[in-house]
Amino acid sequence: MKFSADVSSSRRKCRKAHFSASSTERRKIMSSALSKELREKYNTRSIPVRRDDEVLVVRGSMKGREGKVVQVYRKKWVIHIDRVNREKANGATVAIGIHPSNVVITKLKIDKSRQAILDRKDRSKKANAMQQ
């Protein structure tokens with residue numbers, strides 16, 4: 001069932017919109033779920049991932065690896081995590097790109113703008129506002 005008249009339900013148009021999204025749109029698309037502890041603390045399910053967040057890989061061949069986000073590579077739709085890399089044939093190490101949907105954020109880097117986002121997304125405040 002279609003909920004919004006502004007968004008197409010055509011597969012072709014949705015894929016085009018996704019892959020030709022601007023960097024600011026990609027930031028929102030490249031969100032990660034919060035861990036259970038953070039979810040309870042902030043009453044928010046997910047948030048756009050950023051550098052210096054600590055994450056745990058929960059899907060794929062790197063499942064179980066933990067580390068700090070070194071780079072959010074919006075152009076390639078991946079994040080690079082420190083200590084999640086492989087060795088090339090010539091001996092050099094390269095970071096393995098992991099899609100943000102395959103990780104869980106275990107520790108947030110909080111600054112003023114990030115706190116504002118969390119306050120805005122806080123579901124318990126919205127529920128209280130609805131009741132009053």
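Trainee: What covers the buried residues of α4?
Mentor: Happy to start there, remembering that this is a predicted model, where local features need pLDDT of at least 70, side-chain atom pairs count only at pLDDT 80 or more, and totals for chains, interfaces and linings use all residues. Residues are numbered from 1 along each chain as its sequence is written, and side-chain values use heavy atoms, leaving out hydrogens and water. Helices (H or I, at least four residues) and strands (E, at least two) are DSSP runs numbered from the N terminus, and contact means heavy atoms within 4.5 Å. The cover over the buried residues of α4 includes α2 (23-29), α3 (36-42) and β2.

Trainee: Within what arc do the buried residues of α4 fall?
Mentor: Helix α4 spans residues 112-121, and R114, I117 and L118 are buried there (under 20% relative accessible area; exposed is over 50%, partly exposed in between, with a 1.4 Å probe and protein chains only). They line one face of the helix because, taking directions from the axis to the C-beta atoms, they fall within an arc of 95°. K112 and R120 are exposed on the other side of α4. So the arc of the buried face is 95°.

Trainee: Is W77, with its positive phi, buried or exposed?
Mentor: W77 sits in the loop between β4 (66-73) and β5, and its phi is about 60° although it is not a glycine. With a relative accessibility of 9%, W77 counts as buried.
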